[in-house]
Amino acid sequence: MARIELKDVRKSWIGATAVERIDLTIEDGAFVAVLGPSGCGKTTTLLMLAGIYSPTAGEIAFDGARVNDVEARDRNVGIVFQSYALYPNMSVLDNIMFPLRFKKVERAQAEARAREIAALVRIDALLDRRPAQLSGGQQQRVALARALVKRPHLLLLDEPLSNLDAALRLSMRTEIRRIQRELGVTTILVTHDQIEATTMADRIVVMNGGRIEQEGTAKDLYERPATLFVAGFVGSPPINLFEGDVQAGTLTVRDAQLRLAGTAQGSVVLGIRPESLKVDPAGTPARLIAAEPMGREVLYTAEGPMGLVRFLEPGAEARHREGESVTLTFPPQEALIFDKASGQRLEARIAA
Amino acid sequence: MSAAGTSDALPAAASLRPDWRSLARQALLKRGAGQSVLLAFLLLVSLPIILPYFWMLVISFTARSGGVSTDVLWTACAIVVPAVLIYSVVHLVAPSPRLRLVGGLFLFVIAGALLAALIGGQLHVANYRFLWRTNIIEEIRSKATAGGQFPSVWIAFRNSLALAVSQTVIILTVASLAGYYISRFAFRGREAFLQGMLVLHAFPAMTLIIPIFLILHWVGLLDTILGVMLVLATIELPFYVFVMKGFFDAVPWDIEMSAMTDGASRRQAFRLVVLPQVRVGLIAVGVFAFIRAWEEYIFVRTMLIENTNWVMSLYLFWVSDDIMGVDYGIVAAVSVFYVLPSLLLYLFCQKYLTQMTIGGIRG
């Protein structure tokens, strides 16, 4: 168990930069998710923590001690890869015991520990099998057991659920969370799936283009996204974004005009979440283009004065038909305004 | 779907329902016909390969000094070929593996009995007497050639074995280490190195035979097994390095990274995790290297002179050179003895050898 710090960490190869700059502190025992699209540098960051890559610049510290030059095998980090990376030539038990081979643990004791951890991840009935004889979910558990058996300072999970089917993903999410709580091991989860990040982690770090966009709880990211990227990346279905122009306290988006409170000037982007929009007789008229029932709610697409807009309405069945006209409103405090050039959120609000 | 719409009238609903039974019968018939055609084709194309070997075997056990008769060969063929054909039919028609086995055994016993009855009396092992007697060649050629020219066949066998085993060891060691390095590490000139290896492989090594002869002469390795060993390994290695690189490319990086975070050093990760993944490649490369050295002729013919340095291919060459036309039986018997190790290796490692092309393509 350790407190992890990354100070101004960069990683670049000849002709390519994977990580521009990372400054991050992870408290002992915390569960942190690193969320971002493919190629944002999240896996590179993970491999730097594991010691597979060494950073081009900056410092990585475990419990305050610099570990940049410590070899991967000496860092005592457990890692679960997306492909599970089990050793196909060994039985499940040998796979789990593999890390203990290098720790001068006696065989009998190592086996006892491996069996204990296998029971924790519930694969104790499969110990004699080969990885090829296991299902995806079972392989996942073996990989987790192998990462945990050496009692790591830090557990790294690289997209651990993306190769599982939907039902299994749901149960493994709960499982991993349970095991992490039970052992209290500092854990970093790398994922591109916001549901995984928000359901499993205490804190979420959103990365884009090799930088950290925002760090915070799921609520922070959803309600007060720091940048346009975070607003667009977090939330499903995605937020409605409209480009507009502010002149003398008035925001113009195509044919619509809105009064602003607070300072803003020039090109901005207005963001309204689909779940903020409501059908209300007092609202702005819009023509429905599509209605897509999603089970618990219906997702509508409509053409309004600001352009195409998506909104949600609870209920299993569509109450409005395509081609019909509806009137929409939204609570002004829920609308977000971003500076178009920098992507930063502005404190300006829509006036009630 | 029902039959093609040749009739203009719309078919009644009942006739739209396909006749499953006849469709199944047609499919089975088609599959059976396809299999028979394939089987017949394979039998036909393997005939020119199998027949000479079969002939060699027959001659080695039946020929007597002076001339060769084809009677035994044709008699044997007249029994074996129908037996194989009948078994193919049994294989196609018999529904259960058990029935096939019983049929096969039955045919085997009949063919064996027929062979024993018709040609059993002509079989003998006298042609194999070179295995335990050294001077048979001189005996046959009488005193016309100088005595003591031929070493015991076991000396040639030992030399061949030494050459082939050392080839296998050298090539396995170097090709696996070099293949791993090229597969995993980026270094300046990697692409050029790879292309260079391919070019080297495409370049006919035979053209170098005179320079190599001279170099071996100058360094004092001419007429030694060690010299041939080094030359062969050098010429063969580029190809095998390339093949091994292909096998290593197919091993995911994740496994290695995982081993290293699990506490293994790079060397331990290579030995404990990566090497077992390329086991098939190692076996294939090892077998090919062994057989390649076992069957080598041109280089050993050029560089080995003294008769105590002969390898099996040279022994066979000198035997046939001296007594061809006099005693075919012994030539055939030496050939059988020479081909046996390769045959056994192929037989046992067949399933690994077919993997090599796959690994090779990945390179």
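Which residue of β17(A) is the bridge partner of A:G304? In the predicted model described here, in which local features need pLDDT of at least 70, side-chain atom pairs count only at pLDDT 80 or more, and totals for chains, interfaces and linings use all residues, the bridge partner of A:G304 in β17(A) is A:G307. Residues are numbered from 1 along each chain as its sequence is written, while chains are lettered from A and ligands numbered from 1 in the order in which they are written.

Chain A contains eight helices and 21 strands, where helices (H or I, at least four residues) and strands (E, at least two) are DSSP runs numbered from the N terminus. The C-alpha trace of chain A spans about 75 × 45 × 35 Å along its principal axes. Of the 352 residues of this chain, 41% count as buried, a residue being buried if 20 or more other C-beta atoms, placed from the backbone, lie within 10 Å of its own, exposed if 12 or fewer do, and partly exposed in between. Among contacts in chain A between residues at least 6 apart in sequence, 64% join residues at least 24 apart; two residues are in contact if their C-beta atoms, placed from the backbone, lie within 7 Å.

Strands β16 (residues 297-304) and β17 (residues 307-314) of chain A run antiparallel and are joined by eight bridges, and a hairpin connects β16(A) to β17(A) through two residues. Both belong to an open sheet of four strands in chain A, ordered β17-β16-β15-β18 with antiparallel pairing, two strands being taken as paired if DSSP finds at least two bridges between them. At the edges of this sheet stand β17 and β18 (325-329) of chain A, each with a single partner strand, so one side of each is left without a neighbour in the sheet. The twist averages 50° from one strand to the next, with angles running from 0 to 180 degrees between N-to-C directions of axes that are lines fitted to C-alpha atoms, for helices over the stretch in contact. Strand β15 (residues 278-293) of chain A pairs with β18(A) in the antiparallel sense over six bridges, and A:T284 has A:L328 as its bridge partner in β18(A).

Leaving aside neighbours within four places in sequence, the contacts of A:I96 include A:A114, A:I117, A:V142 and A:A145.

Between the chains, 14 residues of chain B are in contact with 16 residues of chain A. On the side of chain B that touches chain A, α10 (253-261) and α11 (266-277) of chain B each supply at least two residues, and the largest share, six residues, comes from α10(B). Helix α10 of chain B also holds B:E256, which is buried, with 20 other C-beta atoms within 10 Å. Apart from its neighbours within four places in sequence, B:E256 is in contact with B:A269, B:V273 and B:V274, and the C-alpha atoms of B:E256 and B:F270, 14 residues apart along the chain, are separated by 7.6 Å.
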